[in-house]
Structure formats: structure tokens, C-alpha cells
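Me: Can you walk me through this one? I have a few quick things to ask.
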Amino acid sequence: MNSLHVSVWRGGAQGAFQAFEVPRRASQTVLDVVSYIQRSLDPTLAYRFACRVGMCGSCAMTVNGTARWTCRTHVDKVAKEDRIEIAPLRNLPVIRDLVTDMREFFDKWARAKGQFRGAATRHDGFARIRPDSTERRRADAGIECIGCAVCYASCEVVQRIPDYLGPAALNRAWTLVNDARDVMRAERLRAVAGDAGCHACHTQMGCTERCPVKLAPTASIAGLKRETARWMMRGER
Amino acid sequence: MSARVETLLWIAQRATAGVLAVCVAVHLVTMTYAIRGGLSAEEILSRTRGSTGWLVFYALFVVAAAVHVPIGLRAALAEWFGWRGRSRDAALAAFALALGGLGMRAVLGVFS
Amino acid sequence: MRSHSGYWAFAVHRVSGIGLALFLPVHFWALGHALEGAASLDALLAWTERPLVKFAEWGIVLLLAAHFAGGLRILALEFLPWRDWQKSLAAAAAAVSLAIGLAFALAL
């Protein structure tokens, strides 16, 4: 079988692409390629992965210009004339090679009040939530997010506005806004509105296009725009 | 502070967008029809002068545009030209008044 | 920049918006000449008969059509219940604005 000509980013924010020749195999994924390079060609290559079966989101990288889960990206699908270019995720500081600093991504999650807060105790009964209610359906549509940052890396607004909370944080906030058990609603709406929040989204839909779990952060953000408007017109209650 | 302002501006922007969607649709159709075979002031003004209905329509059009245009520019100025803060907002408010003023002048000139 | 349709929808929408924002005051100022009577407006209209101006006029109509179509797309994405076909709204908006532009060009 032929060889793959692989170009891999080495270094930090400053650096360069390094070329490797990797034997091509059937059903090979991009993660297989990166692992092969680190194990057989250059042990100094830094990269992240964990489950390698498309559940954890750790292996997200930029492959031929597009953010993807490398464990779920078959080489056959992306290699053009046996060439692949692998770089770290965009919009995040690079620690080294293919590893990015995810702190800002999760800090924004916290800033968007992406945490659940309830008021019930063990002495209260179970919360009764109908699974087919509008609110629960909306929450369900967004809760499968595993925080892989592919959407964040695919957003041009994040690129332009460093403070922008980003699609993942806003998507999570939306699921919580629709959680009837949560008590932080007003605080959360205040946190997500503003020129670094949902109103900075320009519906370019890079996030929705790229999400590996097929979520639609664009829809969640649109929901936040409507909900913050309603909240404002009700006098912020 | 920002949360309230941005939310109110978003509401105003989408509301005027709805109004403008109707106004623009009507305007495009009537203009395409009206300019057939060329334009003359006589032709235009004979159709428009004294028409209260169209005066109200275009007055509404002008007001909606005077709100919608500056809000739209606001984000562009911040993101593409790095202009933020009070000076930008003051300039845009002035622009809104200018648009409204010039627009109303035009509406009165053509329709009254 | 990434070349996905949503990005172009945004770029066209913003650039057309800026173009229209620059054009509108001029448009209002020109029409205000009607206040001074038909002759004053006619003088202005004579100037607009020049081919370059006609072409610019058509360009502005195209900007308006593009901004209008893009705006409808945003209103659909923000207010209508979410459906998969909304992803192709950008293409639909482009088609609609070109159609409008064509209609205007034919009428010129």
C-alpha cells in the first residue's frame, strides 16, 4: 500500500509543520496516524487522546483545515492525494504540538453559568418533569455535549472576539435555562446576554456544521436571544 | 449594563427588521414597476404628491431604517474597526437623527 | 477564513449593510431636492441617466436584495422552530437576491 504524506504542527504558537511518511492501512483513522508517528517515528510529539472510540472528545484536532475528532475521522475520507495536514484546534492557546490549553474554554462555560443549581433536598419529593414538554425537548436537544471544543474551534466570532463565550458554553446555558429544576435562571440570562454573549453570534453556523454529536448550538443561541428578550421585557424577572 | 443594552438593541433590531422586510419588499416591487422606461421628476411627483397613504408608508420606512441602520453598524464598527464605547454610540445616535431628519425631509418633499 | 456557506451569508450581509448605510443618506438627500420643485429633481435625475450611475444603481438594488434575503434568513433561524433545512437558507437567500437583482436589471 502507499504511504501517507503527513504534515504535523510542531511547536507552540510559533512553530512549523514537520513532514512524516506513514504507512497507509485499511480503515485507518487520523488518530492511528498520529499515534504511529509518536510511537514509531518521533516520541517527542505531544498529543491527546483517551477513549479512541468517539465518546470523550479528547482527540479533537484540525485536520486539513477542519476541526474534527481524529479517532472518528477515516484517512480515506480526508486525505487528498495521500496528504494530510494535522494541527492543533484553533482559537485556543497551543501548549505544544497538537495539545491546546483548554482552560479558557471551560472558564467560559463557568462564566456562562453553565452549572446546574437546584433548590430541592433529599426531603423533597422527586421533581416531576415531563419528557415530552417543550422545555425538556429543548434541553434534551443540547445535553449530549461532551465539551470537545470542536464548535469553539470552528467559530469565526470566537476568533474575532476573544471574550465571546462561544457556542459550547452558550449551548449548555440554554439546556439549563430549559431545566425546570434549576433556580439560577435570571442570573444565567444576565450572564449570557451582552456583546460577549449570545448577542455576538452572527449565525454563521460553523458550530452546527462541525459538531460531531450533531448538536445545533446555533439553535440554542437563538433560543437564548429570544429568552433574554422575554426576560428583559418582563423587567428582568 | 451590557446585558440590558445588548438585549434591548437586539429587540429593536429584529422588530425594525420585520417592518423593513415588508417595506423593502413593497419598495422593490413598486420601484421595479415605476422605473420602466425611464424616470422624470414630473412623472414621479405627479404620482406621489398628495398621496397620504404612501406618505405614511414611507415615513414608517424612514423611522424603521433610522433605528435599524445604526444598530447594524454598531456591531460592524466594533468587530471590524475596533471602535467601541461611548464615542461610537454617540456617533451612531447622531447618525440615526441625521438619517431620520434627511429621510423625513425627502418624504415630505416627494409626498406632500 | 473557512469557506462554509454560513460564513459567506454573514459576510455578504455585513458588507451589503455597510454599503446601504453609506448609500441611504445620499438617497435621502437626493430625493429631498423634490422639495425645491420638479425642475430641481429633474436636474438630479438627468445625472442618474449616465450608464455608470445606472450600473451603480443596479448594484445598490442588488445590495438591498442581498441584505433583505440574508435578513430573512436570520429571522428564520432565530424565530422559527429549528429544522434541518434551515442550514441551506444561505443558498436560498443568495438565489432570491440574484432573482430580484435580475428583475430590476431587466426593468432598467
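Reply: A term to begin with: a residue is buried if 20 or more other C-beta atoms, placed from the backbone, lie within 10 Å of its own, exposed if 12 or fewer, and partly exposed in between. This is a predicted model: local features need pLDDT of at least 70, side-chain atom pairs count only at pLDDT 80 or more, and totals for chains, interfaces and linings use all residues. Residues are numbered from 1 along each chain as its sequence is written, and chains are lettered from A and ligands numbered from 1 in written order.

Me: What percentage of chain B is buried?
Reply: Of its 112 residues, 28% are buried.

Me: And which elements does chain B have?
Reply: The order from the N terminus is α-α-α-α. That is four helices and zero strands; helices (H or I, at least four residues) and strands (E, at least two) are DSSP runs, numbered from the N terminus.

Me: Is chain B spread out or compact?
Reply: Chain B is more spread out than a compact globule, because its radius of gyration is 17 Å, well over the 13 Å from the globule rule for 112 residues. The radius is taken over C-alpha atoms, and the rule is 2.2 Å times the number of residues to the power 0.38.

Me: Switching to chain A. How many bridges join β3 to β4?
Reply: Four, and the strands run antiparallel. Strands pair if DSSP finds at least two bridges between them. Ala60(A) has Trp69(A) as its bridge partner in β4(A).

Me: What about Asn64(A)?
Reply: Asn64(A) takes a positive phi near 50 degrees in the β3(A)–β4(A) hairpin, which has two residues between the strands.
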